Structures are given as structure tokens and as C-alpha cells.
Amino acid sequence: MYLDIFTNIDDVIQEFQLDPKDVDNINILLAQYDCPDYEGYAFVLFERDGILYEVNGSHCSCYGLEGQWEPEETSVEALRHRMNNGNLGYGYDGNFGDDLQKILNQWEA
């Protein structure tokens with residue numbers, strides 16, 4: 001699922017300035033990128049070899065997401081904790097929490 005500025009994997013490659021090899025063998029579950037008030041916030045959740053990873057990026061008006069592709073292993077539990085006890089998916093950096101919740105439910109099924 002691609003949201004806001006991200007409409008496909010090519011947008012992810014372009015915005016993070018990736019080598020296409022960086023996204024070989026991954027399955028993007030959710031990629032969201034929004035730029036409110038001259039700032040940018042991105043969240044990418046993907047699966048590779050049965051393991052969940054996330055990438056978070058942000059920038060001010062002077063820069064973009066380049067150099068911020070740093071996948072971190074994550075889990076459904078960790079993501080839900082940040083959604084329920086923080087603001088992941090809800091708030092200034094994007095409103096993708098409902099979509100993320102659906103993806104996490106599908107992942108667990």
C-alpha cells in the first residue's frame with residue numbers, strides 16, 4: 001500500500017535515492033510520505049524473508065529523504081505499542097494508522 005507522495009516502489013527508490021538493488025527481494029507492505037508545512041515524514045514497512053523491517057525518514061524544507069534508508073528489524077508488537085502508546089500513524093507526521101492496523105492484522109493471520 002502506497003500513500004500520499006509514494007505511489008509505487010519507484011517513488012520510494014527516487015525519494016530515498018536508492019540503488020534499485022537496495023529493494024531487491026523485499027515486499028513493501030506500507031509506504032507513506034507526506035510533506036506538510038515544508039517538512040517531510042516517511043514511514044516504510046516491508047517484509048524480507050519472513051522478517052518485518054521499517055524505515056523512518058524526515059527532513060526540513062532544505063533536504064529530502066536521501067541517505068536515510070536504514071532498515072530496522074521490527075515486530076507487530078513493537079509497532080502496535082508505538083501506535084497505542086505514542087503517535088505512530090496518527091498526527092503531524094501522517095495519518096496512516098488505520099491502514100497500518102489492517103496490515104498488522106493481516107500479517108498476524
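1. A salt bridge is a side-chain nitrogen of Lys or Arg within 4 Å of a carboxyl oxygen of Asp or Glu. By this rule the model has two salt bridges.

2. The structure is a predicted model, in which local features need pLDDT of at least 70 and side-chain atom pairs count only at pLDDT 80 or more, while totals for chains, interfaces and linings use all residues. Residues are numbered from 1 along each chain as its sequence is written, and side-chain values use heavy atoms, with hydrogens and water left out.

3. Arginine 82 belongs to helix α2 (residues 76-85) and glutamate 54 to strand β4, so the pair ties together parts that are 28 residues apart in sequence. Helices (H or I, at least four residues) and strands (E, at least two) are DSSP runs, numbered from the N terminus.

4. Buried means under 20% relative accessible area, exposed over 50%, and partly exposed in between (1.4 Å probe, protein chains only). Glutamate 54 is buried at 5%, whereas arginine 82 is partly exposed at 30%.

5. Arginine 80 and glutamate 108 meet in a salt bridge of 2.8 Å, N to O. Arginine 80 sits in helix α2 and glutamate 108 in helix α3 (residues 97-108), so this pair too links parts 28 residues apart in sequence. Arginine 80 is buried at 18%; glutamate 108 is partly exposed at 46%.

6. Leucine 52 is in strand β4 (residues 51-59) and is buried, with 4% relative accessibility. Contact means heavy atoms within 4.5 Å. Not counting residues up to four places away in sequence, leucine 52 touches residues including Leu29, Phe46, Val76 and Trp107.
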